[in-house]
Each structure stands twice: as structure tokens, then as C-alpha cells.
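Student: I would like to learn how to read charged side-chain pairs in a structure. Could you take me through them step by step?

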Amino acid sequence: MAMTGVLIRGIIAAAGCVCTAISAAFAADFAVRREADRVVVTAGGEPVAAFVFADPAVGRPAIRDLAAPGGAIVTRPCPPRQGVDTDDHATMHPGAWLGFSDLSGADPWRHKTAVRFAGFDGEPAVVDGVARFTAKIEYLAAATATPDAPVACRERSSVSIRDRVIDSFPVRILLWEAELTPGGSQPLVFGDTEEMGLGLRVATPLSPARGGRYLASHGGLNEKGIFGRGAEWVDASGTIHGRRVGAAVINLAGNPRLPFFHARDYGLVLANAFGRKAYGMKNPPPPVMLESGKSLRLRYAILLHGDVPDARLKGLIEHVRMEATR
């Protein structure tokens, strides 16, 4: 039943009726601003995310300075702040990004092959209170982005950012939907390696090495309990400016395989649907291969939240996953 500003959905379960209250966006005044090297998303005039598509030092587009409700930045600054942040992988972990280390042998993750931003499909905009943009990216099979460099893989990524209040908790939801196609007439092989998928380099206080915590859908904690295991989601949380905040990387329906999480205590949470043998799986399936003319879809969400009890967090994540199937 629809009500002004409030939507009540009744979900009938075997054990009875569970009701989830979802209010209208708590920050409905999103805006997007196009700059020379980035698109900045603001809410209430304050920046909440920046999609940086032209940084020569990093070489690949990424979302930086991603803010949770209340303003705390949950991604590590790029570049890291000297003396404040851990400075490992400074140009490899730029915030939230889709990255690959083996695309039919091409390795943009380690900067061995180049990545080229190929423009936006339409203009970034706010539609029905949701900030949206669709970016086109080319992964090249060459070290430099010359006009005649062969393309190993083409990516078309649609990203949306919205605010909600679910069961009285204000949350911010980033939805990342990517369509990948071979760059030429040959099949595209996604290598069975560790560095593949949707990555989130969390703010230093959210890393277990600096007092934060990871929690997986199966109950595993931190790198020891999560690394190389399949999971539907992994949440990173910690205290910033005296307040607990967190960011959960969530697997959505439609992905080729359940991701194994490359979770490192120093601050990396990576959902990897391609690595199997790389994580020690016995009798792994063959690498994912995409024939010319075919496409592969990847769908993930990042849930940004404040101080939410673990039992309630699971409910929020399930709502995000359910809503994303519609």
C-alpha cells in the first residue's frame, strides 16, 4: 500500500508476517556536476561521490570519496594521505572500481596494459531523485592508449546512487551494473586470478589492521575468516570521527558465479566471480569465456550505513538484494 512519503511492504514468510518500512529518500536533492576529469555527485550541496575518469597516475576510472549518510568518507583517499593512511597499492586501489588482472592476457590491474575512458552514454543526471550515469570503458591489449591499440574488452557500466530510510536506518545505496563484451573477433577469457571484480578500498579506520572489522554473509570475520571463500556479501565497518559507519559489498542476482571474496585486513574488499583455482579450489571449473558477439553482465551493490546492529544489517542487505531484482 502506498502512503505519502512511506511505503509499507508486507512480506509473508513461513514463520509469519515480516514488515519492512521504507521511506522516501532522506536526501532527495541529489545533483551531478560534470568537470574536466570527473563527475561529482552531491546531496544537499555536499559531495557524496566522485567518478574520476581521467587520472594518468591511476589509469582507470573509479568512484572516489564515497560518503555514507552523515558525511563520513568510507573509501581511502586517492592518493592516500601521508602519515594518515596506509599507502600500499596507492594507484591500484582508487576507491570503488571494477578491475581485472587477466583479460585474455591483458593486465590493466597492474598497469601493464592501458585503460581508456570512452565517454558517457547520455549525460550524467538525476532522475526521480536518483543520481545516474553510464560510462563506457575500453581495456586495451597494449601498454599505451594509442589510437590503433587493440581492445581486449569493452565495458558499459551503469551506476546509480540513491538514499533511503529502511526500518528507521538511513542508508545510501550504490548500484553498479556492468555489461562486458569482447573487444574483437576472438573469445574473451577472464583469467582465474585473485585480482578480478568489484573492488572497494575502504577508509583506513574500517580496515581490520587499523581497528575496523569485516563481516561476511556466512559469519566469517576479517581476512582469516573470509579470504577466498564464497559469500553473498561482506561488510566493512569501523569508527570515523566517533561514529560507527560501514560499507557492504553485495552480490546481486544475474552474476555468472557466486563471488569469492578477496578480503585483506589492510583495507581491500573485492568480490571476485572469476577466481577459483587461484583461491585453492579443488577441481575448479574452467575460466569464464565469452564468445565474440556475446556479453556478460556483472551486478553488485554497495550499501553505506551508520551504526546498525549486525542482525538488522542482514535485513537491510536482503532488502537491497530483493529490490535490485525488480
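**Reading the salt bridges**

Tutor: Let us begin with a residue and its surroundings, keeping in mind that this is a predicted model. Arg33 has a relative accessibility of 41% and so counts as partly exposed.

Student: Which residue does the side chain of Arg33 meet in a salt bridge?

Tutor: The general idea is that side chains of opposite charge can pair when their charged atoms come close. Here the partner of Arg33 is Glu35, with 2.9 Å from N to O, and Glu35, at 31% relative accessibility, is likewise classed as partly exposed.

Student: How many salt bridges does a search of the whole structure find?

Tutor: The search finds 19 salt bridges. One of the pairs is Asp55 with Arg64, whose closest N and O atoms lie 2.6 Å apart.

Student: Is Arg64 buried or exposed?

Tutor: Arg64 is buried, because its relative accessible area is 7% and the cut-off for buried is under 20%. Asp55, by contrast, is partly exposed, with a relative accessible area of 23%.

Student: Where in the chain do Asp121 and Arg156 sit?

Tutor: These two form a salt bridge with their closest N and O atoms 2.9 Å apart. The pair links distant parts of the chain, since Asp121 lies in the loop between strand E9 (115–120) and strand E10 (125–127), while Arg156 belongs to strand E12 (residues 151–166), 35 residues apart. Asp121 is partly exposed at 38% relative accessibility, and Arg156 is partly exposed at 34%.

Terms used. Residues numbered from 1 in each chain as written. Predicted model: local features only at pLDDT ≥ 70, side-chain atom pairs only at ≥ 80, totals over all residues. Heavy atoms only, no water. Salt bridge = Lys/Arg side-chain N within 4 Å of Asp/Glu carboxyl O. Buried < 20%, exposed > 50% of the residue type's maximum accessible area, 1.4 Å probe, protein only. Helix = DSSP H or I, 4+ residues; strand = E, 2+ residues; numbered from the N terminus.
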